[in-house]
Amino acid sequence: MAKCFSFTSTRDTCYKYSFENAGLKSTTKDLGQGTTMHCWAPKKHKQNKPSLVLLHGLGANAMWQWDYFISPLIPKFNVYVPDLVFFGESYTTRSERTESFQAQCVMKMMEDLGVKKMSVCGVSYGGFVAYSMAAQFPDAIEKLVLVCSGICLEAKDMDEGMFKVKSVDDAASILLPQTPQKLKELMKLSFYKPQTRIPNCFLSDFIQVMCTENREQRKQLIEALHKDRKLANLPKINKSTLIIWGEHDQVFPVELAHRLKRHIGESAELVIVKKAGHAINIEKPKVLYKTMKKFLFNSVPNSENNGTSK
């Protein structure tokens, strides 16, 4: 029997309407040299408002990860939500797979959109890209929010048993799931309280729509994050930075949050969110928004023990 309904595709369409109703438009830019990038951008950029870029992680596309935050942020910011390369409608024929290249693509997109100054918030993989933007383009970045992003991981950490997975291939098989069982493993790792009774047909539908396209290229992105990574080679940044982490993160253990705080130094503050895992933006969106708002709208939280338990 032919498949006639896709919950995932329907929800994706609903997110598109949600973004449009919030005041954003779908924009695609040819960045040259075989690279095309898609971004949700304001229908009209308002000069009296600062700009904020929201960068997604490896799961699904930008809309699924940031939908909750768009409406409350738009009154205060010109909000830009790009699809990183190999996600959504963004793609390149070039061979680069590093977060440095992703950062250059985001910045080129923002320049093409006429934005010269911005704050950036990145969740998980998006945090790697956000940090690279701050390192490469310090004059353009005002504030930085890094959410559950293992930027300070080292290649040796996996060999020393820091992670639940034993190899990059194991990590890719879970982070880029191709079977309902692997998607269940990902949910178990990502959430403090994962849903356990989702029918396999819904999981298979999500995989078919969100996880099959550009899988090999996305695996290469994961490999590039890990290969020869050393903390000593990570550039220092001097930006007002808020680090937010789930207390029970099993993808990037909380030790990496403290390591990142130490690496950045006095300009960074750390907030540990109680009863939360890796996918804070989905599991604890109200808490994440409240924490981001306090930093972006006003001042940085006062203590790294300023966790929220809800």
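Is Y68 buried, exposed or partly exposed? In this predicted model, Y68 comes out as partly exposed, because its relative accessibility is 38%. The residue sits in helix α2. Setting aside residues up to four places away in sequence, Y68 touches P285, K286 and Y289.

Helix α8 runs over residues 200–211, and its buried residues are L203, D205, F206, I207, M210 and C211.

The T8 side chain makes a polar contact with the side chain of D205, at 2.8 Å. Beyond its neighbours within four places in sequence, T8 is in contact with W64, D205, F206, V209 and M210. Of these, D205, F206 and M210 are among the buried residues of α8.

Another helix pair is α3 (residues 99–112) and α4 (residues 125–136), which pack at about 70° with their axes 8 Å apart. Angles of 65 to 115 degrees count as roughly perpendicular, so α3 is roughly perpendicular to α4. On the α3 side, the contact is made by E99, S100, Q102, A103, Q104, V106 and M107. Helix α4 brings Y125, F128, V129, S132, M133 and Q136. Sorted by type, the residues of this contact come to 7 nonpolar, 5 polar and 1 charged.

Now for the cysteines. The structure holds 0 disulfides. As a reminder, a disulfide is a covalent bond between the sulfur atoms of two cysteines. For C148, the closest cysteine sulfur is that of C121, and because the two are 11 Å apart, they are too far for a bond. C148 is buried, since its relative accessibility is 0%. C201, on the other hand, counts as exposed because its relative accessibility is 54%.

Moving to the strands, L270 lies in β9, residues 268–273. L270 is buried, because its relative accessibility is 0%. The C-alpha atom of L270 is 6.0 Å from that of I244, although the two residues are 26 apart along the chain.

Two loop residues have a positive phi without being glycine. Q33 has a phi near 55° and is found in the loop between β1 (24–32) and β2 (35–42). With a relative accessible area of 62%, Q33 is exposed. K275 has a positive phi of about 50° and lies in the loop between β9 and α11 (280–283). K275 is partly exposed, given its relative accessible area of 44%.

Technical notes:
Residues are numbered from 1 along each chain as its sequence is written. This is a predicted model: local features need pLDDT of at least 70, side-chain atom pairs count only at pLDDT 80 or more; totals for chains, interfaces and linings use all residues. Side-chain values use heavy atoms; hydrogens and water are left out. Axes are lines fitted to C-alpha atoms, for helices over the stretch in contact, and angles run from 0 to 180 degrees between N-to-C directions. Helices (H or I, at least four residues) and strands (E, at least two) are DSSP runs, numbered from the N terminus. Angles under 35 degrees count as roughly parallel, over 145 as roughly antiparallel, 65 to 115 as roughly perpendicular and the rest as oblique. Contact means heavy atoms within 4.5 Å. Ala, Val, Leu, Ile, Met, Phe, Trp, Tyr, Cys and Pro count as nonpolar, Asp, Glu, Lys and Arg as charged, and the others, Gly among them, as polar. A disulfide is a pair of cysteine sulfur atoms within 2.5 Å. Buried means under 20% relative accessible area, exposed over 50%, partly exposed in between (1.4 Å probe, protein chains only). A polar contact is a pair of N or O atoms within 3.5 Å; within protein, one must be able to donate a hydrogen and the other to accept it, and residues adjacent in sequence count only if both atoms are side-chain atoms.
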